[in-house]
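Reader: I am new to this structure and would like a friendly tour. Could you show it to me before we talk?

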Amino acid sequence: MLSKAISRNTGPGRPADMPERRREARAAYFFLLPALIVLSLFAFSPLVFIFVVAFFDWNLFRADLHWVEAANFVELAGDERFLTALRNTTVYVLGVVPAQTLLALLLALAVSWNIPARGFFRAAFYIPAITSSVVTSIIFLWIYSKPGLLNYVLFRFGIEGPDWIGSPKYALGAIMAVNVWSTSGYFMVAFLAGLRNIPASLYEAARIDGAGPWARFQYVTVPGLKPTLFFVVTLGIIGTFQVFDQIYMMSAGGPVNATTTLSYFVYNSAFRYFRFGYAAAAVVLFAIILFVTRVQRRIIRPEAP
Amino acid sequence: MYRSGITPFGSIVLWLALFLSGCEQQDAVPIRLTGWIASPIEETLTRTFVDTFEQRHPGLSVRYEPIAANYMDKLLLMLATGTAPDVIMIEAFWIPLLVEYDVLLPLDDFIGRDPGFFPDDFEPVLLDAFRSGGALYGLPKDHSTLALYFNPDMFEEAGLAVPPRNWDEFAEFARRLTRDTDGDTRIDQYGYGHAEDLEYSLPFVWQNGGDFIDGRGRIVFAEPASVEALNFLRRMKTGGIAVMPSDVGAAWNMDAFGRRRVAMAISGLWAANFLNETYASVPYRVAVLPVGKLPASVAFAVGYGIPKRTRNPELAWRLLRYLTGPEGGRIWVKSDIGLPARRSVAQEAAIERDPLKRVFS
């Protein structure tokens, strides 16, 4: 009520409303303060700290930090394990994100139709998302083990399956599959919400215009889902870049670093070898690489968003 | 309204103050003790320890804070941040690392000032394992070498009477013990179950005259003597007569042994305890490791140390001397996880006459 009265008397941009706006801003900041304090303590300052620590040799056991200039970065550039971690992370993101997005979309479309036991399927697809990743990791360790469920099924078809997690050739793919399985249900819900937001009148209009099911999907559903798609892909990329729990539980980065992703490399450098400067440098270098590739893409394809 | 709003807050402050002062008034801060749990019996015994220690030392109290999993991960972080307990369980293997990080308190001064402790009673080899650069950083609680566990029933079925004495026999026996027991054309009993950890390949490397790291700290993995030993193990694995625990869906090699998936496995005395508790129906016998070019085994020594940044070194020492003293040794003997580190205790317990335990000494 009050705000209505104010906006009638003093519109935005007029000098008379400046003190009012300032007062409002002050109030807003006052309410933001607790969140800002917590965020700066636990998010912003560690972020800045990473850039500082990256230039030091610091192992937590000694109080003193040694300034080592760019030695950490030079070592990283020649560290085969870091390069392997970069490669594994890239494979992981490029493999998991499209697969989980597509699967989530298909699941969402499937349960949005009026099929029998729709509620059951919705719940069933969502269960992996609410199950602890430690639990799903252990279940999949059993499924993937040499005498496990997967190889039992393969044996029925006359195929002698490998030790999936114990083999450098299959370990990363096996863990990627777990990730796709466990996150698709979560993103399915996002797509379901997106589907709901597409007005039924659009479908109706398309039908009147003579569009078949595929054309309706292509020209109504897909454009309507664009914001959801952006949300799902962004969250997917963030989630896969920081994959850690499945790797920690299932393979510990092995065998022969086949599943060492960037986050696991950073964890190992910091909390196993206590090289905090080196770990921080890996984070910084990775951020730079990401930034550079983004800039590069803009230069190469200026029409990209 | 306004005034009554303040009163509860004030009362909370008052309560907090009372509570804190109440804590202060209690007897001294407890001595914190940590360790991993190799078996339930070890946890029970440690709690017995704490109780008897508190009885013997009126006014002192101990808080036992075992770390159930990822012991080293957690302990190193606690040491680095100065929050580690006052007495910590350590393995002699870790001494070089912990000394490099400079987190352990040298114990020589304490021992020198403590005439009733008798450090000469310890097995000298075990004491040396906790020494670095002339200083002593830990005291052994118990120890065990690695020995060969075998399933006598499986040996009998394969027509074998005695455990393998050398590598040739070891490989040959493993081949004869690898069988399909239920006739579905799939092998379900393997000759030998090899543990992944480095320490379990080390006896083979040492028996072949090789090493992982030589006396000067150089890595000598690639020397012919080491390569030959590792190749021997690799051939057994690729030949299908040896498996890793994961190949048969087991958590570790003695788990595979307990599930009757392997006929032979290498482990320490703690595995006997594990088999008795978890797989009581599985028969087992123990023999010294088959011998290569020379006889060798790996000794695991477990003990206690005091972190450098502990607030109460004197109190920590009183607990440590009890844990590793003659009286403490007599309690550990009952655990069957390791052999006593003190010679007097070993003599008293007649380890030499115990057919199982003497294999591990």
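The questions and answers below go through the two chains in turn.

Author: Welcome! This is a predicted model, in which local features need pLDDT of at least 70, side-chain atom pairs count only at pLDDT 80 or more, and totals for chains, interfaces and linings use all residues. Residues are numbered from 1 along each chain as its sequence is written, while chains are lettered from A and ligands numbered from 1 in the order in which they are written.

Reader: How many helices and strands are there in chain A?

Author: Helices (H or I, at least four residues) and strands (E, at least two) are DSSP runs, numbered from the N terminus. Counted this way, chain A has 14 helices and two strands.

Reader: Is chain A compact or spread out?

Author: Along its principal axes, the C-alpha trace of chain A spans about 75 × 65 × 40 Å. The globule rule is 2.2 Å times the number of residues to the power 0.38, and the radius of gyration is taken over C-alpha atoms. For 305 residues the rule gives 19 Å, and the radius of gyration of chain A is 25 Å, well over that, so compared with a compact globule chain A is more spread out.

Reader: What separates the centres of domain 1 and domain 2 of chain A?

Author: Domain bounds come from an automatic or database domain assignment. For chain A it gives domain 1 (2-53) and domain 2 (80-300). Taken over C-alpha atoms, the separation of their centres is 37 Å.

Reader: At what angle do the axes of helix 4 and helix 11 of chain A cross?

Author: Axes are lines fitted to C-alpha atoms, for helices over the stretch in contact, and angles run from 0 to 180 degrees between N-to-C directions. Helix 4 (residues 80-112) and helix 11 (residues 226-241) of chain A have axes that come within 9 Å, and they cross at roughly 145°.

Reader: Which classes of residue make up the contact of helix 4 with helix 11 of chain A?

Author: Two residues are in contact if their C-beta atoms, placed from the backbone, lie within 7 Å. On helix 4 of chain A the residues include A:Tyr92 and A:Val96, and those they meet on helix 11 of chain A include A:Val233 and A:Ile237. Ala, Val, Leu, Ile, Met, Phe, Trp, Tyr, Cys and Pro count as nonpolar, Asp, Glu, Lys and Arg as charged, and the others, Gly among them, as polar. The contact divides into nine nonpolar, five polar and no charged.

Reader: How many residues does each chain give to the contact between chain A and chain B?

Author: On the side of chain A that touches chain B there are five nonpolar, three polar and two charged residues. The contact takes ten residues from chain A and ten residues from chain B.

Reader: Why is one side of strand 2 and of strand 13 of chain B left without a neighbour in the sheet?

Author: Two strands pair if DSSP finds at least two bridges between them. An open sheet of six strands in chain B, with mixed pairing, has the order 2-1-3-12-6-13. Strand 2 (62-64) and strand 13 (339-340) of chain B each have a single partner strand, so one side of each lacks a neighbour because they stand at the edges.

Reader: What is the bridge partner of B:Asp142 in strand 12 of chain B?

Author: Strand 6 (residues 139-145) and strand 12 (residues 299-305) of chain B pair in the antiparallel sense over six bridges. In strand 12 of chain B, the partner of B:Asp142 is B:Val302.
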